[in-house]
Each structure stands twice: as C-alpha cells, then as structure tokens.
Amino acid sequence: MFRALVVEKDEAGETRAAVQELDESLLPEGNVTVRVEYSTLNYKDGLCLGSGGGLVKVWPHVPGIDFAGVVEASEDARFAPGDRVVLTGWRVGEIRWGGYATKARVKADWLVKLPDGLSARAAMAVGTAGLTAMLAILALEDHGLAPAQGEVLVTGATGGVGSVATALLSAGGYEVAAVTGTPGSEDYLHGLGARRIVPRADLAETVKRPLETETWAGCIDAVGGAMLARILGQMKYGASVAAVGLAGGAALPATVIPFILRGVNLLGIDSVMRPMADRERAWSRIASDLPMDRLEAMIRPAGLADLPALGEAILKGGVQGRVVVDVNA
Ligand code: NDP
C-alpha cells in the first residue's frame with residue numbers, strides 16, 4: 001500500500017482531492033519504482049489539483065509534476081535501488097500519475113540522478129520552477145549575457161520561477177531588478193539578492209512606443225502578455241529575453257521593431273520535454289551555484305493534505321516562493 005493525494009471527478013464534472021491509501025498494483029507502468037520523499041507545487045499543479053485545466057485526461061488522478069526520492073526497484077541498468085533521483089516534467093503529474101504520493105513508477109528515461117550535495121528536499125525547493133529558471137539563465141549566457149553588461153530584469157519575481165531566478169542570478173554576480181505586484185515583498189526579494197524592485201504597474205501599460213530607453217542587459221520573463229511586449233522595447237542592443245511563462249497572459253501585443261533595430265533576441269524556454277543533457281547540465285549548475293541559505297528562505301513546508309488549498313492559492317498568484325511537500329508528513 002502507499003499514500004497518495006487522489007483527485008476524483010464526479011458525474012457533474014466537479015473534482016475533489018483527498019489523501020487515500022492505494023494498492024501498489026494501481027501504480028502505472030514503468031521500469032523504475034521510486035520511494036518519493038518530497039514533491040512541490042507549481043502553477044500547473046494548481047490546475048491539476050482542480051479541474052485539470054485540459055492537462056489531465058483521466059480520473060482518478062494523482063498530480064505532482066515534480067518529485068525527488070530514492071529508487072526502490074529498477075528494471076533499467078542505469079538505476080539501482082538506493083540511487084537518489086529527481087523527476088520534473090515529461091507530463092508526469094498531468095497525463096500520468098505523479099509525485100503527490102509516497103511511491104511513483106516511471107520510465108528510467110525521465111529520471112536524473114541528484115548531484116552530490118543536493119538533498120531531495122532542496123531539489124524540490126528548486127523543482128520545475130527552479131530548473132526552468134536555471135535553463136533560462138543558461139540560455140541567456142549561451143547568448144552572451146555576463147554580469148558586467150548591466151541589470152537583468154526578472155518578472156513575476158515573488159513566484160517560483162522568479163524567486164529562484166533572482167537567487168541564482170544574484171549568486172552569479174548579476175545585478176537583479178525584480179518586478180513584482182505583491183505589496184510588502186521588498187524584504188523577501190532583497191533577501192534573495194534583488195538590487196532593485198520594479199513595481200508591476202511601471203510595466204503594465206501596453207506598448208506606446210516600440211522602442212524605449214535601452215535599460216536591461218537580459219530578462220527572465222514569467223509573465224508574458226503586455227508586460228513582455230513592453231520589456232522587448234526596453235532591452236539593450238543585442239540583449240536577450242528568456243520567455244518562460246504566461247502568468248499575465250499568452251497574447252504578445254508587440255512589434256518586431258526591437259528585433260530588427262536593436263537585434264533583441266526572444267528565447268523560448270521549455271522545461272517539460274527538455275533533452276536529458278540539458279537537464280543534467282542545469283541540475284549540476286543548480287547544485288554548485290544556488291545558495292542554500294537563500295533557498296531555505298523561499299521554502300514554505302507542506303504535507304499532502306495541504307495541497308488542495310495551496311493549489312487554489314497558486315492559481316490566484318497567492319503563493320510566495322516555493323512550497324516543499326513532505327509526502328510522508
Ligand atoms: P507562480 O504562480 O509561483 O508565480 C507567478 C508570479 O507572476 C506571481 O507570483 C506574480 O508575482 C506574477 N503574476 C501573477 N499574475 C500576474 C499578472 N496578472 N500580471 C503580472 N504578473 C503576475 O508561478 P511559477 O513561478 O511557478 O510559474 C510562472 C510561469 O511560468 C507560469 O505561467 C508557469 O506556467 C510558467 N512555467 C513555465 C515553465 C516552462 O517550462 N516554460 C516551467 C514552469 C513554469 P509578483 O506578485 O511578484 O508580480
């Protein structure tokens with residue numbers, strides 16, 4: 001038997017999530033069984049804890065797009081019992097049962113061995129959100145970003161991606177300008193290493209002039225929409241924006257002027273289907289670069305039973321930092 005947070009859908013289409021004891025025979029197909037220790041909460045988990053947001057196709061469903069733990073059994077030569085592993089993405093927790101459980105069964109192809117020095121708990125404080133932040137930084141650096149070039153803008157800064165991006169950039173010697181619409185979050189963001197706070201309202205207006213003063217050497221954007229369109233016109237010559245999310249909207253009401261007159265680059269970041277080599281590179285940089293004291297400051301501990309309420313909160317932008325779920329709590 002194992003414990004899991006199971007979402008069920010009734011005939012009226014209403015969903016309800018509750019912790020249940022399940023028989024191991026119900027675990028999905030896969031060649032590695034993992035004893036899950038920690039999971040976390042991302043925006044997508046918020047969707048999967050409720051109506052499914054179009055991501056979940058079959059109920060009953062066990063959400064949790066990320067987990068970390070220890071291999072219990074493996075039919076794949078790359079993994080042996082006792083190996084410490086992390087899983088993010090691959091649509092686990094969406095179309096397959098995920099990490100809100102004490103056991104998970106998955107394909108070996110989806111697992112990354114945890115780098116030395118990174119605990120399962122720390123890996124889940126990072127999670128998909130933090131991995132995505134790291135992938136965004138690597139993309140910006142691969143396109144020439146370096147600390148001497150000036151301020152790097154992070155939008156949705158109090159959120160999961162934004163918090164880890166702020167901490168990682170600042171630890172890497174970058175000057176971070178953090179965009180937030182959360183009142184009273186200044187101390188939190190300065191604690192993560194942000195040098196300057198930019199009120200969300202300053203970037204809320206739609207593009208009036210396609211080019212504004214060249215201000216940002218790079219940007220990690222979790223918001224999209226009108227804010228991203230506005231930021232494109234404020235980038236320095238040849239600078240890049242890593243587009244990560246759509247917390248503010250999926251439409252991009254922009255002009256091509258920043259691309260063709262300032263050589264601005266818009267880099268798309270996907271973490272879900274990301275090839276293994278990129279994942280291993282990112283986890284290794286996280287283990288070496290992320291200051292654990294700052295990571296600790298972002299953590300909000302939770303158990304499986306807390307997740308339905310937290311899932312509703314994250315969909316309303318009401319979760320600061322990173323929720324770390326002890327699935328045994
Ligand atoms: P969170 O909900 O933790 O953070 C989003 C933050 O964006 C909020 O905390 C808030 O920060 C800000 N925000 C919320 N609503 C608005 C709005 N209407 N306008 C402007 N800012 C807003 O989510 P995550 O950090 O986990 O994810 C951020 C985005 O990235 C999501 O869209 C998510 O789907 C996407 N994502 C994409 C991934 C990929 O592989 N590409 C992987 C992970 C996430 P503040 O109050 O500080 O402004």
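Biologist: Which side chain has an N or O atom 2.8 Å from an oxygen atom of the ligand?

Modeller: That's Ser271. We count a pair of N or O atoms within 3.5 Å as a polar contact; within protein, one must be able to donate a hydrogen and the other to accept it, and residues adjacent in sequence count only if both atoms are side-chain atoms. Taken alone, the ligand exposes 910 Å², and the protein buries 85% of that. Those areas come from the Shrake-Rupley method with a 1.4 Å probe.

Biologist: What should I know about the model itself?

Modeller: It's predicted, with local features needing pLDDT of at least 70 and side-chain atom pairs counting only at pLDDT 80 or more, while totals for chains, interfaces and linings use all residues. Residues are numbered from 1 along each chain as its sequence is written, and side-chain values use heavy atoms, with hydrogens and water left out.

Biologist: Back to the ligand. Which residues put a backbone atom 2.9 Å from one of its oxygen atoms?

Modeller: Gly160 does, through a backbone N or O atom. Gly181 has a polar backbone atom 2.9 Å from a ligand oxygen too.

Biologist: How many residues are around the ligand, and which come nearest?

Modeller: There are 25, and Thr158, Val161, Thr180, Thr182 and Ile269 come nearest. Being near here takes a heavy atom within 4 Å.

Biologist: Which helices and strand each supply at least two residues of that shell?

Modeller: Helix H2 (120–142), helix H3 (160–171) and strand E9 (176–180). Helices (H or I, at least four residues) and strands (E, at least two) are DSSP runs, numbered from the N terminus.

Biologist: New topic: where is the cis peptide bond with omega near -5 degrees?

Modeller: From Trp59 to Pro60. Pro60 is in the loop between H1 and strand E4 (66–74).

Biologist: And which residue has a positive phi of about 60 degrees although it is not a glycine?

Modeller: Trp90. Look for Trp90 in the loop between strand E5 (84–88) and strand E6 (103–106).

Biologist: Which residues would I highlight to see Trp90's loop in context?

Modeller: Show strands E5 and E6, with Trp90 in the loop between them.

Biologist: Last one on the ligand: what gives the shell its backbone and side-chain partners?

Modeller: Among them are Gly160 with a backbone atom, Gly181 with a polar backbone atom and Ser271 with its side chain.
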